[in-house]
Amino acid sequence: MTGTTVTAEREQELLQSVPTGLLINGEWRDASSGKTLDVHDPATGKVLLSIQDGNSDDAMAALDAAAAVQAEWALTAPRERAEILRRGFDLVTERAEDFALLMTLEMGKPLAESRGEVTYGSEFLRWFSEETVRHYGRYFTSPEGKNKMIVTHKPVGPSLLITPWNFPLAMATRKVAPAIAAGCTMVLKPAKLTPLTSMLFAQVMQEAGLPAGVLNVVAGSSASAISGPLMKDSRLRKVSFTGSTPVGVRLMQDAANNVLRTSMELGGNAPFLVFEDADLDAAVEGAMAAKMRNMGEACTAANRFLVHEDVAEEFKAKFAAALGNLNPSRGTEADSTVGPIIDSGARDDIHQLVTDSVAAGGQVVTGGQPKDGDGYFYIPTLLSVGNDNPILSEEIFGPVAPVTTFATEEEAIELANASQYGLASYIYTKDVNTMFRVSEQIEFGLVGYNAGVISNASAPFGGVKQSGLGREGGAEGIEEYTTVQYIGIADPYAAKK
(Lines give C-alpha, C1' and ligand atoms only; values in the text may rest on other atoms or scores of the structure.)
Protein backbone atom coordinates (compact mmCIF):
# COMPACT_ATOMS: atom_id res chain seq x y z
CA MET A 1 0.00 0.00 0.00
CA THR A 2 3.04 2.25 0.07
CA GLY A 3 2.39 5.46 -1.86
CA THR A 4 -1.31 4.74 -2.46
CA THR A 5 -4.52 5.81 -0.79
CA VAL A 6 -6.29 3.06 1.13
CA THR A 7 -9.72 2.12 -0.19
CA ALA A 8 -12.88 2.18 1.89
CA GLU A 9 -13.35 -1.52 1.11
CA ARG A 10 -9.94 -2.34 2.56
CA GLU A 11 -10.76 -0.38 5.72
CA GLN A 12 -14.05 -2.20 6.22
CA GLU A 13 -12.50 -5.59 5.60
CA LEU A 14 -9.93 -4.94 8.31
CA LEU A 15 -12.42 -3.51 10.81
CA GLN A 16 -14.69 -6.53 10.41
CA SER A 17 -11.77 -8.81 11.40
CA VAL A 18 -11.14 -7.06 14.72
CA PRO A 19 -12.64 -8.62 17.87
CA THR A 20 -15.02 -6.24 19.61
CA GLY A 21 -15.63 -8.12 22.86
CA LEU A 22 -13.84 -8.47 26.18
CA LEU A 23 -11.14 -11.14 26.36
CA ILE A 24 -11.61 -13.03 29.63
CA ASN A 25 -10.12 -16.45 30.31
CA GLY A 26 -9.39 -17.03 26.64
CA GLU A 27 -12.89 -16.19 25.40
CA TRP A 28 -14.24 -13.07 23.71
CA ARG A 29 -17.44 -12.18 25.50
CA ASP A 30 -20.01 -9.40 25.78
CA ALA A 31 -19.91 -6.84 28.57
CA SER A 32 -22.01 -7.82 31.58
CA SER A 33 -23.92 -4.54 31.28
CA GLY A 34 -24.83 -5.10 27.66
CA LYS A 35 -23.51 -1.63 26.85
CA THR A 36 -21.24 -0.71 23.95
CA LEU A 37 -18.64 1.99 23.33
CA ASP A 38 -18.10 3.77 20.01
CA VAL A 39 -14.59 4.15 18.61
CA HIS A 40 -14.17 7.14 16.29
CA ASP A 41 -11.90 8.08 13.41
CA PRO A 42 -10.29 11.41 14.48
CA ALA A 43 -9.73 12.33 10.82
CA THR A 44 -13.48 12.35 10.13
CA GLY A 45 -15.24 12.18 13.47
CA LYS A 46 -17.20 9.15 12.24
CA VAL A 47 -17.69 5.89 14.16
CA LEU A 48 -15.34 3.08 13.14
CA LEU A 49 -16.70 0.30 15.35
CA SER A 50 -18.77 -0.24 18.47
CA ILE A 51 -17.09 -2.43 21.07
CA GLN A 52 -18.19 -3.96 24.36
CA ASP A 53 -18.07 -1.48 27.25
CA GLY A 54 -16.54 -3.29 30.20
CA ASN A 55 -17.28 -2.37 33.81
CA SER A 56 -16.29 -3.39 37.34
CA ASP A 57 -17.90 -6.82 37.11
CA ASP A 58 -16.02 -7.57 33.90
CA ALA A 59 -12.77 -6.35 35.43
CA MET A 60 -13.21 -8.66 38.40
CA ALA A 61 -13.95 -11.58 36.09
CA ALA A 62 -10.71 -10.82 34.27
CA LEU A 63 -8.78 -10.75 37.54
CA ASP A 64 -10.42 -14.03 38.56
CA ALA A 65 -9.09 -15.57 35.36
CA ALA A 66 -5.61 -14.09 35.79
CA ALA A 67 -5.35 -15.17 39.43
CA ALA A 68 -6.56 -18.68 38.67
CA VAL A 69 -3.73 -19.44 36.25
CA GLN A 70 -0.93 -17.37 37.86
CA ALA A 71 0.70 -20.25 39.75
CA GLU A 72 0.69 -22.57 36.74
CA TRP A 73 1.91 -19.86 34.38
CA ALA A 74 4.74 -18.90 36.73
CA LEU A 75 6.06 -22.47 36.58
CA THR A 76 6.18 -22.70 32.78
CA ALA A 77 9.64 -23.12 31.34
CA PRO A 78 11.32 -19.87 30.30
CA ARG A 79 11.85 -21.32 26.83
CA GLU A 80 8.11 -21.93 26.47
CA ARG A 81 7.32 -18.32 27.35
CA ALA A 82 10.10 -17.16 25.04
CA GLU A 83 8.74 -19.16 22.10
CA ILE A 84 5.26 -17.68 22.59
CA LEU A 85 6.72 -14.19 22.48
CA ARG A 86 8.77 -15.02 19.39
CA ARG A 87 5.71 -16.42 17.62
CA GLY A 88 3.87 -13.25 18.61
CA PHE A 89 6.63 -11.18 17.02
CA ASP A 90 6.42 -13.22 13.82
CA LEU A 91 2.63 -12.94 13.63
CA VAL A 92 2.56 -9.19 14.28
CA THR A 93 5.26 -8.74 11.64
CA GLU A 94 3.29 -10.85 9.16
CA ARG A 95 0.25 -8.65 9.75
CA ALA A 96 2.19 -5.40 9.80
CA GLU A 97 -0.06 -3.71 7.24
CA ASP A 98 -3.18 -4.64 9.20
CA PHE A 99 -1.78 -3.23 12.43
CA ALA A 100 -0.52 -0.09 10.69
CA LEU A 101 -3.84 0.65 9.03
CA LEU A 102 -5.82 -0.06 12.19
CA MET A 103 -3.67 2.39 14.17
CA THR A 104 -4.08 5.02 11.48
CA LEU A 105 -7.85 4.59 11.52
CA GLU A 106 -8.34 4.84 15.28
CA MET A 107 -5.49 7.18 16.26
CA GLY A 108 -4.90 9.18 13.08
CA LYS A 109 -1.15 9.07 12.42
CA PRO A 110 0.00 8.76 8.79
CA LEU A 111 0.49 5.20 7.57
CA ALA A 112 4.24 5.66 7.30
CA GLU A 113 4.39 6.44 11.02
CA SER A 114 2.07 3.58 11.86
CA ARG A 115 4.34 1.19 9.99
CA GLY A 116 7.21 2.55 12.04
CA GLU A 117 5.29 1.84 15.22
CA VAL A 118 4.67 -1.75 14.13
CA THR A 119 8.42 -2.19 13.73
CA TYR A 120 9.10 -0.54 17.07
CA GLY A 121 6.25 -2.18 18.97
CA SER A 122 6.83 -5.69 17.68
CA GLU A 123 10.48 -5.48 18.71
CA PHE A 124 9.45 -5.62 22.37
CA LEU A 125 8.11 -9.11 21.68
CA ARG A 126 11.38 -10.22 20.12
CA TRP A 127 13.57 -8.47 22.69
CA PHE A 128 11.79 -9.96 25.69
CA SER A 129 11.64 -13.38 24.05
CA GLU A 130 15.42 -13.23 24.22
CA GLU A 131 15.50 -11.80 27.75
CA THR A 132 13.16 -14.52 29.06
CA VAL A 133 15.85 -17.18 29.00
CA ARG A 134 18.63 -14.88 30.25
CA HIS A 135 17.03 -13.58 33.41
CA TYR A 136 19.55 -15.02 35.84
CA GLY A 137 19.73 -15.11 39.60
CA ARG A 138 23.00 -15.72 41.44
CA TYR A 139 24.69 -18.14 43.85
CA PHE A 140 27.54 -17.04 46.06
CA THR A 141 29.27 -17.41 49.40
CA SER A 142 28.58 -14.92 52.17
CA PRO A 143 31.53 -12.58 52.86
CA GLU A 144 32.32 -14.24 56.22
CA GLY A 145 32.15 -17.67 54.59
CA LYS A 146 29.49 -19.15 56.88
CA ASN A 147 26.60 -19.44 54.42
CA LYS A 148 25.82 -20.10 50.79
CA MET A 149 23.41 -17.61 49.27
CA ILE A 150 20.92 -17.95 46.41
CA VAL A 151 19.11 -14.97 44.92
CA THR A 152 16.21 -15.72 42.59
CA HIS A 153 13.72 -13.65 40.62
CA LYS A 154 10.06 -14.62 40.83
CA PRO A 155 7.07 -13.19 38.94
CA VAL A 156 5.40 -10.46 40.95
CA GLY A 157 1.97 -11.87 40.10
CA PRO A 158 -1.26 -10.68 38.45
CA SER A 159 -0.69 -7.26 36.93
CA LEU A 160 -2.96 -4.44 35.75
CA LEU A 161 -1.62 -2.81 32.60
CA ILE A 162 -3.16 0.56 31.65
CA THR A 163 -2.12 1.90 28.24
CA PRO A 164 -2.59 5.33 26.61
CA TRP A 165 -4.18 6.15 23.26
CA ASN A 166 -1.19 7.64 21.46
CA PHE A 167 0.85 4.51 20.64
CA PRO A 168 -1.81 1.78 20.51
CA LEU A 169 0.50 -1.14 19.68
CA ALA A 170 3.83 -0.19 21.25
CA MET A 171 2.38 0.71 24.63
CA ALA A 172 0.68 -2.69 24.79
CA THR A 173 3.70 -4.72 23.70
CA ARG A 174 6.03 -2.73 25.98
CA LYS A 175 4.02 -3.90 29.00
CA VAL A 176 2.66 -7.28 27.91
CA ALA A 177 5.96 -8.68 26.62
CA PRO A 178 8.00 -8.32 29.85
CA ALA A 179 5.05 -9.53 31.91
CA ILE A 180 4.90 -12.70 29.81
CA ALA A 181 8.68 -13.05 30.01
CA ALA A 182 8.64 -12.81 33.80
CA GLY A 183 5.74 -15.23 34.19
CA CYS A 184 2.99 -12.79 35.21
CA THR A 185 -0.68 -12.93 34.25
CA MET A 186 -2.38 -9.72 33.20
CA VAL A 187 -5.49 -7.59 32.87
CA LEU A 188 -4.91 -5.11 30.05
CA LYS A 189 -7.00 -1.92 30.09
CA PRO A 190 -6.51 -0.16 26.72
CA ALA A 191 -7.44 3.49 26.23
CA LYS A 192 -11.08 3.98 25.29
CA LEU A 193 -10.09 6.20 22.35
CA THR A 194 -7.88 3.55 20.69
CA PRO A 195 -8.74 0.06 21.95
CA LEU A 196 -8.95 -1.74 18.60
CA THR A 197 -5.22 -2.32 18.13
CA SER A 198 -4.94 -3.92 21.58
CA MET A 199 -7.80 -6.24 20.73
CA LEU A 200 -6.18 -7.33 17.49
CA PHE A 201 -2.87 -7.78 19.32
CA ALA A 202 -4.53 -9.94 21.99
CA GLN A 203 -6.06 -12.09 19.28
CA VAL A 204 -2.64 -12.53 17.71
CA MET A 205 -1.15 -13.56 21.06
CA GLN A 206 -3.86 -16.20 21.37
CA GLU A 207 -2.78 -17.48 17.97
CA ALA A 208 0.81 -17.48 19.23
CA GLY A 209 -0.19 -19.98 21.91
CA LEU A 210 -0.63 -17.82 25.00
CA PRO A 211 -2.74 -19.90 27.43
CA ALA A 212 -6.23 -18.81 28.43
CA GLY A 213 -6.32 -16.40 31.35
CA VAL A 214 -2.73 -15.17 31.03
CA LEU A 215 -3.73 -12.08 29.04
CA ASN A 216 -7.20 -10.63 29.62
CA VAL A 217 -8.41 -7.45 27.92
CA VAL A 218 -11.15 -5.22 29.32
CA ALA A 219 -11.87 -2.00 27.45
CA GLY A 220 -14.42 0.43 28.84
CA SER A 221 -15.66 3.98 28.92
CA SER A 222 -14.76 4.39 32.62
CA ALA A 223 -11.13 3.70 33.49
CA SER A 224 -11.81 4.02 37.23
CA ALA A 225 -14.63 1.47 37.06
CA ILE A 226 -12.06 -1.04 35.84
CA SER A 227 -8.97 -0.06 37.82
CA GLY A 228 -10.68 0.87 41.08
CA PRO A 229 -11.94 -2.53 42.26
CA LEU A 230 -8.89 -4.35 40.90
CA MET A 231 -6.48 -2.22 42.89
CA LYS A 232 -8.38 -2.95 46.09
CA ASP A 233 -8.12 -6.71 45.53
CA SER A 234 -5.23 -8.41 47.33
CA ARG A 235 -4.72 -10.80 44.41
CA LEU A 236 -3.48 -7.96 42.20
CA ARG A 237 0.22 -7.39 42.81
CA LYS A 238 1.26 -4.77 40.28
CA VAL A 239 -0.02 -1.84 38.24
CA SER A 240 1.79 -0.41 35.21
CA PHE A 241 0.43 2.86 33.87
CA THR A 242 1.36 5.15 31.00
CA GLY A 243 -0.50 8.46 30.87
CA SER A 244 -0.82 11.84 32.52
CA THR A 245 0.88 12.76 35.78
CA PRO A 246 -2.35 13.68 37.64
CA VAL A 247 -3.88 10.28 36.88
CA GLY A 248 -0.61 8.55 37.75
CA VAL A 249 -0.52 10.29 41.13
CA ARG A 250 -4.06 9.12 41.91
CA LEU A 251 -3.18 5.56 40.91
CA MET A 252 -0.10 5.62 43.13
CA GLN A 253 -2.24 6.78 46.03
CA ASP A 254 -4.64 3.90 45.40
CA ALA A 255 -1.74 1.47 45.01
CA ALA A 256 -0.33 2.47 48.38
CA ASN A 257 -3.38 1.09 50.18
CA ASN A 258 -2.61 -2.38 48.84
CA VAL A 259 1.19 -1.92 48.71
CA LEU A 260 1.19 -2.66 44.98
CA ARG A 261 4.31 -2.71 42.86
CA THR A 262 4.02 0.27 40.48
CA SER A 263 5.54 1.38 37.21
CA MET A 264 4.56 4.90 36.18
CA GLU A 265 5.46 6.46 32.84
CA LEU A 266 3.89 9.89 33.11
CA GLY A 267 4.00 13.33 31.50
CA GLY A 268 6.87 15.08 29.82
CA ASN A 269 8.08 18.53 28.83
CA ALA A 270 11.14 17.73 26.78
CA PRO A 271 13.74 20.44 26.14
CA PHE A 272 15.50 20.49 22.77
CA LEU A 273 18.82 22.29 23.23
CA VAL A 274 20.63 23.70 20.20
CA PHE A 275 24.11 25.07 20.91
CA GLU A 276 25.93 27.60 18.79
CA ASP A 277 28.21 25.00 17.17
CA ALA A 278 25.39 22.64 16.21
CA ASP A 279 24.85 21.46 12.65
CA LEU A 280 21.62 23.42 12.10
CA ASP A 281 20.36 21.30 9.24
CA ALA A 282 20.79 18.18 11.37
CA ALA A 283 19.19 19.99 14.31
CA VAL A 284 16.14 20.92 12.23
CA GLU A 285 15.87 17.35 10.96
CA GLY A 286 16.04 16.12 14.56
CA ALA A 287 13.56 18.78 15.67
CA MET A 288 11.07 17.61 13.05
CA ALA A 289 11.39 14.03 14.26
CA ALA A 290 11.28 14.91 17.95
CA LYS A 291 8.37 17.35 17.58
CA MET A 292 6.22 16.05 14.74
CA ARG A 293 6.38 12.29 15.30
CA ASN A 294 2.86 11.27 16.25
CA MET A 295 1.67 14.84 15.58
CA GLY A 296 3.50 15.86 18.75
CA GLU A 297 1.17 13.64 20.77
CA ALA A 298 3.95 11.87 22.63
CA CYS A 299 5.35 12.22 26.13
CA THR A 300 8.84 12.27 24.58
CA ALA A 301 7.94 14.99 22.06
CA ALA A 302 10.25 18.00 22.04
CA ASN A 303 8.23 20.65 23.80
CA ARG A 304 10.62 23.52 24.46
CA PHE A 305 13.20 24.53 21.86
CA LEU A 306 16.06 26.25 23.65
CA VAL A 307 18.39 27.72 21.02
CA HIS A 308 21.60 29.69 21.44
CA GLU A 309 20.95 33.33 20.63
CA ASP A 310 23.66 33.41 17.94
CA VAL A 311 21.88 30.81 15.77
CA ALA A 312 18.25 31.24 16.86
CA GLU A 313 17.04 33.24 13.85
CA GLU A 314 18.58 30.85 11.34
CA PHE A 315 17.21 27.84 13.21
CA LYS A 316 13.71 29.32 13.37
CA ALA A 317 13.71 30.11 9.66
CA LYS A 318 14.79 26.60 8.69
CA PHE A 319 12.42 24.97 11.18
CA ALA A 320 9.44 27.07 10.07
CA ALA A 321 10.11 26.19 6.43
CA ALA A 322 10.18 22.50 7.24
CA LEU A 323 6.94 22.71 9.24
CA GLY A 324 5.30 24.67 6.44
CA ASN A 325 5.99 21.87 3.97
CA LEU A 326 3.93 19.35 5.95
CA ASN A 327 0.51 18.22 4.75
CA PRO A 328 -2.13 17.74 7.44
CA SER A 329 -4.58 15.17 6.07
CA ARG A 330 -6.15 11.81 6.85
CA GLY A 331 -3.38 9.32 7.51
CA THR A 332 -4.65 6.92 4.85
CA GLU A 333 -3.97 9.46 2.09
CA ALA A 334 -0.82 8.85 0.08
CA ASP A 335 0.55 12.37 0.66
CA SER A 336 -0.34 12.69 4.35
CA THR A 337 2.52 13.80 6.59
CA VAL A 338 0.52 15.00 9.61
CA GLY A 339 -2.56 13.31 10.98
CA PRO A 340 -5.36 14.73 13.14
CA ILE A 341 -5.36 15.47 16.85
CA ILE A 342 -7.07 12.66 18.78
CA ASP A 343 -10.35 14.53 19.45
CA SER A 344 -11.95 17.96 19.41
CA GLY A 345 -11.26 18.65 23.07
CA ALA A 346 -7.54 18.00 22.66
CA ARG A 347 -7.42 20.23 19.59
CA ASP A 348 -9.21 23.02 21.46
CA ASP A 349 -6.72 22.70 24.34
CA ILE A 350 -3.82 23.04 21.93
CA HIS A 351 -5.27 26.15 20.33
CA GLN A 352 -5.90 27.67 23.75
CA LEU A 353 -2.24 27.17 24.63
CA VAL A 354 -1.25 28.99 21.42
CA THR A 355 -3.75 31.78 22.09
CA ASP A 356 -2.48 32.26 25.64
CA SER A 357 1.12 32.21 24.45
CA VAL A 358 0.45 34.97 21.91
CA ALA A 359 -1.41 37.00 24.52
CA ALA A 360 1.70 36.75 26.71
CA GLY A 361 3.95 38.12 23.96
CA GLY A 362 4.65 35.08 21.80
CA GLN A 363 4.77 35.51 18.03
CA VAL A 364 3.38 33.04 15.47
CA VAL A 365 6.06 32.33 12.86
CA THR A 366 3.97 29.77 10.98
CA GLY A 367 0.64 28.02 11.58
CA GLY A 368 -1.26 28.94 14.70
CA GLN A 369 -4.75 27.77 13.73
CA PRO A 370 -6.90 24.65 13.47
CA LYS A 371 -7.42 23.41 9.93
CA ASP A 372 -10.89 23.90 8.51
CA GLY A 373 -12.94 20.90 7.43
CA ASP A 374 -13.66 17.45 8.79
CA GLY A 375 -11.64 15.91 11.59
CA TYR A 376 -9.52 17.43 14.30
CA PHE A 377 -6.49 18.79 12.46
CA TYR A 378 -4.16 21.52 13.69
CA ILE A 379 -1.75 23.29 11.37
CA PRO A 380 1.92 22.70 12.40
CA THR A 381 2.94 25.79 14.34
CA LEU A 382 6.16 27.56 15.28
CA LEU A 383 6.12 30.20 18.01
CA SER A 384 8.88 32.60 18.99
CA VAL A 385 8.60 33.21 22.72
CA GLY A 386 10.42 34.68 25.70
CA ASN A 387 11.79 32.55 28.52
CA ASP A 388 8.84 33.45 30.74
CA ASN A 389 6.12 32.51 28.25
CA PRO A 390 3.48 30.26 29.89
CA ILE A 391 3.51 27.71 27.08
CA LEU A 392 7.01 26.62 28.15
CA SER A 393 5.61 25.12 31.34
CA GLU A 394 2.85 23.13 29.60
CA GLU A 395 2.91 19.68 28.01
CA ILE A 396 1.54 20.72 24.61
CA PHE A 397 0.80 17.26 23.17
CA GLY A 398 0.36 18.62 19.68
CA PRO A 399 2.18 20.04 16.60
CA VAL A 400 3.24 23.31 18.25
CA ALA A 401 6.91 24.24 18.70
CA PRO A 402 7.80 27.21 20.96
CA VAL A 403 11.34 28.51 20.44
CA THR A 404 13.22 30.61 22.97
CA THR A 405 16.87 31.52 23.39
CA PHE A 406 19.77 31.19 25.82
CA ALA A 407 23.15 32.88 26.01
CA THR A 408 25.31 30.48 28.03
CA GLU A 409 25.56 26.78 28.77
CA GLU A 410 24.62 27.45 32.37
CA GLU A 411 21.47 29.27 31.30
CA ALA A 412 20.56 26.42 28.94
CA ILE A 413 20.83 23.92 31.81
CA GLU A 414 18.76 26.13 34.10
CA LEU A 415 16.03 26.52 31.47
CA ALA A 416 16.02 22.80 30.71
CA ASN A 417 15.57 21.92 34.38
CA ALA A 418 12.84 24.53 34.93
CA SER A 419 10.10 21.92 34.72
CA GLN A 420 8.37 19.50 37.04
CA TYR A 421 8.90 16.82 34.39
CA GLY A 422 12.01 14.82 33.59
CA LEU A 423 11.37 12.30 30.84
CA ALA A 424 13.07 13.01 27.48
CA SER A 425 15.58 15.66 26.41
CA TYR A 426 17.62 16.42 23.30
CA ILE A 427 21.04 18.03 22.88
CA TYR A 428 22.53 19.25 19.59
CA THR A 429 26.19 20.19 19.58
CA LYS A 430 29.36 19.08 17.81
CA ASP A 431 31.28 19.09 21.09
CA VAL A 432 31.01 15.76 22.94
CA ASN A 433 32.33 17.45 26.08
CA THR A 434 29.37 19.82 26.02
CA MET A 435 27.07 16.84 25.68
CA PHE A 436 28.61 15.12 28.70
CA ARG A 437 28.54 18.23 30.89
CA VAL A 438 24.95 19.08 30.00
CA SER A 439 23.56 15.53 30.17
CA GLU A 440 25.06 15.06 33.63
CA GLN A 441 23.41 18.24 34.90
CA ILE A 442 19.95 18.08 33.33
CA GLU A 443 17.35 16.02 35.17
CA PHE A 444 15.93 13.68 32.55
CA GLY A 445 15.73 9.92 32.19
CA LEU A 446 16.37 10.01 28.44
CA VAL A 447 18.86 12.10 26.47
CA GLY A 448 19.11 12.22 22.69
CA TYR A 449 22.52 13.43 21.52
CA ASN A 450 22.27 14.73 17.95
CA ALA A 451 19.30 12.37 17.58
CA GLY A 452 15.60 13.21 17.51
CA VAL A 453 14.24 9.70 18.11
CA ILE A 454 15.95 7.43 20.64
CA SER A 455 13.26 5.02 21.92
CA ASN A 456 14.31 1.41 21.47
CA ALA A 457 13.14 -1.89 22.92
CA SER A 458 16.67 -2.68 24.11
CA ALA A 459 17.00 0.58 26.08
CA PRO A 460 15.47 1.47 29.46
CA PHE A 461 12.62 3.97 29.02
CA GLY A 462 11.44 6.14 31.89
CA GLY A 463 11.80 9.45 33.66
CA VAL A 464 12.45 11.24 36.93
CA LYS A 465 10.59 13.82 39.01
CA GLN A 466 6.92 14.11 37.95
CA SER A 467 7.56 11.97 34.88
CA GLY A 468 7.28 8.82 36.95
CA LEU A 469 9.28 5.88 38.19
CA GLY A 470 10.39 2.52 36.91
CA ARG A 471 11.74 1.59 33.49
CA GLU A 472 10.27 -0.16 30.48
CA GLY A 473 12.39 -1.90 27.86
CA GLY A 474 16.01 -2.94 28.09
CA ALA A 475 17.39 -5.43 30.56
CA GLU A 476 15.65 -3.37 33.23
CA GLY A 477 12.17 -3.91 31.79
CA ILE A 478 11.71 -7.46 33.01
CA GLU A 479 12.77 -6.50 36.54
CA GLU A 480 9.59 -4.43 36.89
CA TYR A 481 7.58 -7.67 36.83
CA THR A 482 9.66 -9.66 39.30
CA THR A 483 10.33 -9.83 43.01
CA VAL A 484 13.65 -10.88 44.52
CA GLN A 485 13.85 -13.86 46.84
CA TYR A 486 16.96 -14.68 48.86
CA ILE A 487 17.63 -18.19 50.18
CA GLY A 488 20.30 -18.55 52.86
CA ILE A 489 21.86 -22.02 53.10
CA ALA A 490 23.74 -23.24 56.13
CA ASP A 491 27.43 -23.76 55.45
CA PRO A 492 27.67 -27.25 53.88
CA TYR A 493 31.25 -27.56 55.19
CA ALA A 494 30.35 -26.76 58.83
CA ALA A 495 30.38 -30.39 59.95
CA LYS A 496 33.97 -30.74 58.74
CA LYS A 497 35.24 -27.64 60.50
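Strands are DSSP runs of type E with at least two residues, numbered from the N terminus. In this numbering, Ile489 lies in strand β22. The model is a predicted one. The points below treat an open sheet, a surface patch and a helix.

**The three-stranded sheet**
- An open sheet is formed by three strands in the order β5-β6-β22, with antiparallel pairing.
- Strands β5 (138-141) and β22 (482-490) are the edge strands, as each pairs on one side only.
- On average, neighbouring strands of this sheet are turned by 20° against each other, direction ignored.
- Strand β6 (residues 147-155) runs antiparallel to β5, and four bridges join the two.
- Tyr139 has Ile150, in β6, as its bridge partner.

**The nonpolar surface patch**
- Tyr139, Ile487 and Ile489 make a nonpolar surface patch of about 280 Å².
- Ile489 has a relative accessible area of 33% and is therefore partly exposed, a class that lies between the limits of 20% and 50%.

**Helix α7**
- Helix α7 (residues 196-207) contains twelve residues and spans 17 Å from its first C-alpha to its last, close to the 16 Å expected at 1.5 Å a residue.
- The helix α7 is largely enclosed by the rest of the structure, because nine of its twelve residues are buried.
- Among the buried residues of α7 are Leu196, Met199, Leu200, Phe201 and Val204.
- Gly209 follows α7 and has a positive phi, near 105°.

Definitions and conventions
Residues numbered from 1 in each chain as written. Predicted model: local features only at pLDDT ≥ 70, side-chain atom pairs only at ≥ 80, totals over all residues. Heavy atoms only, no water. Pairing = 2+ DSSP bridges. Axes fitted to C-alpha atoms, helices over the stretch in contact; angles between N-to-C directions. Patch = residues over 30% accessible without salt bridge, like charges linked within 9 Å, V, L, I, M, F, W, Y side chains within 5 Å. Areas by Shrake-Rupley, 256 points an atom, 1.4 Å probe, with all protein chains shown as cover. Salt bridge = Lys/Arg side-chain N within 4 Å of Asp/Glu carboxyl O. Buried < 20%, exposed > 50% of the residue type's maximum accessible area, 1.4 Å probe, protein only. Expected span 1.5 Å × (residues − 1).
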